[in-house]
Amino acid sequence: QVQLVQSGGGLVQPGGSLRLSCAVSGVNLDYWAIGWFRRAPGKGREGVACMSSSEEQGTISYVDSVKGRFTISRDNAKNTVYLQMNSLKAEDTAVYYCNGVIGVINYWGQGTQVTVSS
C-alpha cells in the first residue's frame, strides 16, 4: 500500500527556517510528479511548489509568494520529498501537505502544521 508520511512541521519565529519531509513507501518516486500545498486558516488550498517526474527532468515551479525562499527537492534513492523553507513569514502559517501524482492517481500526506509567530 502506498503511504506518504510527513514530518518537520512546528513553531518558528519570523525569519526562521524549517524543512518538511515526506517519506513515500510502497513505490519509488522516479516516475512521480510531486508537490507541496498549503491551507491557511480561512483560506482555500494553495499550490506552493511542484516538480515534474525525474523522467521529465524535474522541472520546478513555485507560487510567487515563496520564490527565493522555498526549495522543493527529491531524493529518489530514499523515496523522500522535501520542502526547505527559509525567511519564513507570518503569512506562511498553514497546514502543509505533500502530494504525489503518477498517471491519474493522486496521493496525499497527512498534513503538518507550520506556525510562524513571535
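## Overall fold

Read along the sequence, the protein runs β-β-β-β-β-β-β-β-β-β-β. The secondary structure amounts to zero helices and 11 strands; helices (H or I, at least four residues) and strands (E, at least two) are DSSP runs numbered from the N terminus.

This is a predicted model, in which local features need pLDDT of at least 70 and side-chain atom pairs count only at pLDDT 80 or more, while totals for chains, interfaces and linings use all residues. Residues are numbered from 1 along each chain as its sequence is written, and side-chain values use heavy atoms, with hydrogens and water left out.

## Dimensions and surface

Along the principal axes, the C-alpha atoms fill a box of roughly 40 × 25 × 25 Å.

The protein exposes about 6300 Å², of which carbon and sulfur atoms supply 49%; the area comes from the Shrake-Rupley method with a 1.4 Å probe. Of the 118 residues, 39% count as buried, meaning under 20% relative accessible area (1.4 Å probe, protein chains only).

## The nonpolar core

In soluble globular proteins, nonpolar side chains tend to be buried together. Here the largest nonpolar core has 26 residues, and those with the most contacts inside it are W36, F70, L83, M85 and Y96. Such a core is a set of buried Ala, Val, Leu, Ile, Met, Phe, Trp, Tyr and Cys residues joined through side-chain atoms within 4.5 Å. Strands that each supply at least two residues of this core include β3 (18-25), β4 (33-39), β8 (80-85) and β9 (94-102). The largest share, four residues, comes from β3.

Beyond residues up to four places away in sequence, M85 touches G16, S17, L18, L20, R69, F70, Y96 and V114; contact means heavy atoms within 4.5 Å.

## Two buried residues

S53 lies in the loop between β5 and β6 (60-62). S53 is buried, with a relative accessible area of 5%. Not counting residues up to four places away in sequence, S53 touches D30, Y31, W32, A33, G58 and R74.

T112 belongs to strand β11 and counts as buried at 14% relative accessibility. Leaving aside neighbours within four places in sequence, T112 is in contact with Q6, G9, L20, A94, V95 and Y96.

Notes: Buried means under 20% relative accessible area, exposed over 50%, partly exposed in between (1.4 Å probe, protein chains only).
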